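User: I would like to go through this model term by term, asking each time what a label rests on. Please set the values against the definitions as we go.

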Amino acid sequence: MSGSSGAEFVLVRRRDLERLTTEVMQMKEFLPQILNQELLSNVQRLEQAESALDVKESDCEHFRSRLEAAQSECLQEKEEKLSVLAQLSSLQEQSLQQAEFCTLMGSTLCTLLWGVSSREEAVRSLLGGGKAVAFFGLASQTLSSYVESLEQPQDEEAEESQFVLGLAGTITNIAAVSFGREFLVTTCRDLLETWIHLLGRIKPGTCCRLRVLMLMSLYNVSINRKGVSWMSQNVSLISQLQRLLTDRDPDVCLHTLRLLQSVALESDGPRHMQSELHKCLPRIVELAQSRSAELQTAAGELLEEMRALEAKG
């Protein structure tokens with residue numbers, strides 16, 4: 001019902017009011033036991049945990065964003081690396097093709113030069129062109145690199161082998177001409193030193209054609225008075241020749257004998273060279289009994305000259 005003041009009233013039965021009163025009194029009695037300090041502490045810790053969880057979720061979201069960015073960057077870098085590797089592979093292939101082309105071109109040109117240099121007028125033209133010293137320097141570097149890279153016997157018919165054979169053959173032809181060997185002795189002794197060094201670096205029984213050409217070029221230089229004088233003073237040369245005499249290739253032994261005969265028996269040569277030559281006597285005697293007529297002749301002539309030299313001494 002409504003009063004004149006406008007307030008509203010609700011009719012409650014006495015029994016319900018008594019029940020409500022009882023429940024309120026029970027709540028007043030038990031509520032302090034429930035809402036104790038431990039509960040309040042737990043509630044506070046729960047609130048702190050929820051707050052910390054919110055922070056962790058925020059951090060997690062931040063790290064997730066960074067992870068996604070890093071993954072995206074990593075993927076981009078991987079794609080770039082694959083692209084670079086593909087470019088590198090392509091460049092390596094191009095470099096290999098260029099190296100093969102240069103080797104083929106060098107082999108062809110040096111083979112042609114080897115043939116042309118057999119003519120004296122061609123040698124005169126080569127040495128008078130102003131690039132001779134540079135050519136000999138490049139030849140020295142090329143053969144040094146070739147020998148230093150040898151890990152196993154090389155096919156002498158391969159383009160790289162033909163390249164160095166062409167260079168060595170050309171220098172041998174130049175040394176076969178009087179003004180050519182004079183040029184080598186006067187201007188390019190470094191090349192001759194390299195030849196002697198490389199003869200000791202090449203393994204026995206390998207690169208026989210190359211060693212024969214190098215021995216021939218040194219022999220040609222020994223015909224020159226200054227050349228043989230320089231060689232007779234070269235301490236390492238005789239030791240290299242002693243070793244080469246034991247090689248199983250007959251051509252290497254033959255040209256070694258010829259160079260020994262030219263250098264070690266030089267009348268103005270130092271005594272130590274002639275003394276070192278006597279250490280080779282057993283091998284020279286053995287070669288004098290070889291089945292090869294050329295080896296027999298060369299070794300026999302060397303023995304005769306050694307005996308004549310001893311008779312003079």
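User: Which residues of H7 are buried?

Analyst: This is a predicted model, in which local features need pLDDT of at least 70 and side-chain atom pairs count only at pLDDT 80 or more, whereas totals for chains, interfaces and linings use all residues. Residues are numbered from 1 along each chain as its sequence is written, and side-chain values use heavy atoms, with hydrogens and water left out. In H7, the buried residues are Leu191, Leu192, Thr194, Trp195, Ile196, Leu198 and Leu199. Helices are DSSP runs of H or I with at least four residues, numbered from the N terminus. The cover over the buried residues of H7 includes helix H4 (132-148), H5, helix H6 (178-187), H8, helix H9 (225-232) and helix H10 (235-244).

User: Why is Thr194 called buried?

Analyst: Buried means under 20% relative accessible area, exposed means over 50%, and partly exposed lies in between, with a 1.4 Å probe and protein chains only. Thr194 has 15% relative accessibility, and therefore counts as buried. Thr194 is placed in helix H7 (residues 189-201), and, when residues up to four places away in sequence are not counted, Thr194 touches Ser140 and Ser144, a contact being heavy atoms within 4.5 Å.

User: How do you know that the length of H14 agrees with the number of its residues?

Analyst: The expected span of a helix is 1.5 Å times one less than its number of residues. Helix H14 (residues 293-312) has 20 residues and should therefore span 28 Å, and its end C-alpha atoms are 29 Å apart, which agrees.

User: What makes the buried residues of H14 line one face of the helix?

Analyst: The buried residues of H14 are Leu295, Ala298, Ala299, Leu302, Leu303 and Met306. Seen down the axis of H14, these buried residues fall within an arc of 135°, so they line one face of the helix; the arc is that of the directions from the helix axis to the C-beta atoms. On the other side of H14, the exposed residues are Ala293, Glu304, Arg307, Ala311 and Lys312.

User: Which residues have the most contacts inside the largest nonpolar core?

Analyst: A nonpolar core is a set of buried Ala, Val, Leu, Ile, Met, Phe, Trp, Tyr and Cys residues joined through side-chain atoms within 4.5 Å. The largest one has 63 residues, and those with the most contacts inside it are Phe136, Leu210, Leu257 and Ile284. Leu257 touches Leu245, Ile284, Leu287, Leu295, Ala298, Ala299 and Leu302, leaving aside residues up to four places away in sequence.

User: How many cavities of 30 Å³ or more does the structure hold, and which residues line the largest cavity?

Analyst: A cavity is, on a 1 Å grid over the protein atoms alone, a set of points where a 1.4 Å probe fits but cannot get out, and its lining residues have an atom within 4 Å of a point. Grid points are joined across faces, edges and corners, and a volume is the space filled by probe spheres set on the points. The structure holds one cavity of 30 Å³ or more, and the largest cavity has a volume of about 40 Å³. Its lining consists of Tyr146, Glu156, Ser161, Val164, Leu165, Cys207 and Leu210, and helix H5 (residues 159-175) gives the most to that lining, with three residues.

User: What is the phi of Cys207, and why does Cys207 count as buried?

Analyst: Phi of Cys207 is near 50°, a positive value in a residue other than glycine. Most residues other than glycine have a negative phi. Cys207 sits in the loop between H7 and helix H8 (208-222), and its relative accessibility is 8%, so Cys207 counts as buried.

User: Why does Pro282 count as exposed, whereas Ser222 counts as buried?

Analyst: Pro282, which lies in helix H13, has 59% relative accessibility and therefore counts as exposed. Ser222, in helix H8, has 4% relative accessibility and so counts as buried. Leaving out residues up to four places away in sequence, Ser222 touches Gly227, Val228, Met231, Leu259, Ser262 and Val263.

Methods:
Helices (H or I, at least four residues) and strands (E, at least two) are DSSP runs, numbered from the N terminus. On a 1 Å grid over the protein atoms alone, a cavity is a set of points where a 1.4 Å probe fits but cannot get out, and a pocket is an open set with protein on both sides within 12 Å along at least five of seven lines; lining residues have an atom within 4 Å of a point.
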